[in-house]
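Here is a short tour for anyone meeting this structure for the first time. Have a look at it, then read on.

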Amino acid sequence: MSKAPLTLEQLSGIDQSLSDEERLVQQSVRRFVRERFLPGAGARFEEERFPVELIPEIASLGLLGASLTGYGCAGMSAVSYGLALSELEYGDSGLRSFASVQGSLAMYPIWRYGTDAQKERWLPGMARGELIGCFGLTEPDAGSDPGAMKTRARRDGDDYVLTGTKMWITNAPIAHLAVVWAKVDEGGAESIKGFVVERGARGFDTPVVKGKMSLRASSTGEIVLDGCRVPRENMLDGATGLGGPLSCLTQARFGIAFAVLGAAKASWEAAAAYAQNRVAFGKPIAAKQLIQERLVDMAQEIAKGEIMAMHFARLKDQGRLSPAQVSLCKRNNCKIAIEVCREARAILGGNGILLDYPAIRHALNLESVFTYEGTHEVHTLILGKALTGHDAF
Ligand code: TGC
Ligand code: FAD
């Protein structure tokens, strides 16, 4: 080998376009992930354990509600936020999921739709990582079609009484509060409203979902609401209808679209390094044309995904990013990321199925990421509708 091999960063040149502030965010999260998260990442995946002990450090990096302003939040640009999440996902999708849900799905609806009193009450503690939140939209019988939810909130004096079950809820078992979306019937008209349900409320339970073969280092549960009484002051009055939760999903989907490239890069780097050292038929497999073609295809898709994510992040910072563009980026980047991780796993051969290497863990995690926040098919249909005008749901 004559020259040092080109890195992914050198190939896409994305890093050269970063401001000093963006680079600082990227580097500090990178250091945290490599020094504090990656040692033991495989073991935590095996043990099905989210490292709650790291929450104070994640908070001190400004990663909880990172793109929000005020209330102790970091007010990061979309570019910095995307870079930070990508570094977290280089570690594990479960680590990134924790931050996505806290910021985009639990803090954002309070920040956008809550009263001043609600924001003061919850957001500073959530930014400090002292209060953990979750987001309950999906139900056992309503995932892609959240409008079919069965959870109901019935008005009773100054309270609402919530009944229903939410399924697949990230952070639910460790959450201090849940933003729950429920149908409300007021004056004969049915609508969807958001409620902040605090742990300790009678009739509120969050059983753990066990046996996941994906996102094992993320805490996932149900939210069971059995006649759970919530004061009216916990309702998020500013949001009415499905547009409320969907606007939160737009925030989270943007972050995911950027972040999954971190998992792809970690897997590519592991495969590329392995290929240099693994000898077959008398030569490192990196010197074989078929291996090179795979590494090139993977690097090409990562670079394209990064260029798209960066472009859309800059549009978001200008307030010009549309939900259809978010769908395009989530759909493309999740698909290429899972394919890259599977290819990396194959280049690692038999060793690739071990947790000693990151590729199998990332590939398994991305099965969830491919499905949540709108499945690949849902984003196809969102884009199909946007491009043709026909609703094919
Ligand atoms: P549709 O009639 O199209 O829309 C209903 C209302 O919502 C508005 N809207 C949006 N608003 C903001 N942002 C968006 N992206 C929006 N998309 C739609 C729309 O304008 C309308 O408003 P209005 O005022 O006219 O009523 O609704 P639909 O029932 O036909 O469904 C549309 C569909 C299928 C695209 C949507 O329901 C959908 O996206 N389904 C997928 C559900 C999903 O993504 N669930 C995710 C749950 S959370 C999660 O997975 C977290 S994982 C996190 C982690 O661990 O990281
Ligand atoms: P379904 O909607 O039943 O879909 C099943 C299959 O049918 C999919 O392949 C889908 O693409 C396809 N399909 C559906 N409709 C159509 C159609 N019209 N045309 C063609 N194909 C279609 N939800 C939350 O609310 N909060 C969370 O924090 C959260 N975290 C999650 C964490 C994990 C680990 C996982 C796995 C899920 C999480 N979810 C969360 C739920 C997630 O958003 C849903 O799983 C997802 O929206 C899909 O819903 P579903 O599983 O009910 O699948």
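## Around helix 9

Helices here (H or I, at least four residues) and strands (E, at least two) are DSSP runs, numbered from the N terminus.

Helix 9 itself covers residues 289–317, and its 29 residues should span 42 Å at 1.5 Å a residue, which agrees with the 42 Å between its end C-alpha atoms. The expected span is 1.5 Å times one less than the number of residues.

## What you're looking at

This is a predicted model, where local features need pLDDT of at least 70 and side-chain atom pairs count only at pLDDT 80 or more, while totals for chains, interfaces and linings use all residues; side-chain values use heavy atoms, with hydrogens and water left out. Residues are numbered from 1 along each chain as its sequence is written, and chains are lettered from A and ligands numbered from 1 in the order in which they are written.

## Ligand 1

Ligand 1 sits in the largest pocket. A pocket is an open set of points on a 1 Å grid over the protein atoms alone, where a 1.4 Å probe fits, with protein on both sides within 12 Å along at least five of seven lines; to sit in it, a molecule needs more than half of its atoms within 2 Å of its grid points. There are 25 residues around ligand 1 (a heavy atom within 4 Å), and Ser-144, Thr-170, Thr-250, Arg-253 and Gly-374 come nearest. Helix 8 (243–277) gives the most to this shell, with six residues. Helix 6 (93–113) and helix 12 (376–388) each supply at least two.

Now for the polar contacts (pairs of N or O atoms within 3.5 Å). A backbone N or O atom of Gly-374 is 2.8 Å from an oxygen atom of ligand 1, and a side-chain N or O atom of Arg-96 is 3.2 Å from an oxygen atom of ligand 1. Taken alone, ligand 1 exposes 1100 Å², of which the protein buries 67% (Shrake-Rupley method, 1.4 Å probe).

## Ligand 2

Which pocket holds ligand 2? Ligand 2, too, sits in the largest pocket. Of the 17 residues around ligand 2, the nearest are Thr-138, Ser-144, Trp-168, Thr-375 and Glu-377. Strand 3 (159–170) gives the most to this shell, with three residues.

Glu-377 has a polar side-chain atom 2.6 Å from an oxygen atom of ligand 2. On its own, ligand 2 has 970 Å² of accessible area, and the protein covers 68% of that.

Terms used: Polar contact = N/O pair within 3.5 Å; in protein donor to acceptor, adjacent residues only side chain to side chain. 1 Å grid on protein atoms, 1.4 Å probe; cavity = no way out; pocket = protein on both sides within 12 Å on 5 of 7 lines; lining within 4 Å.
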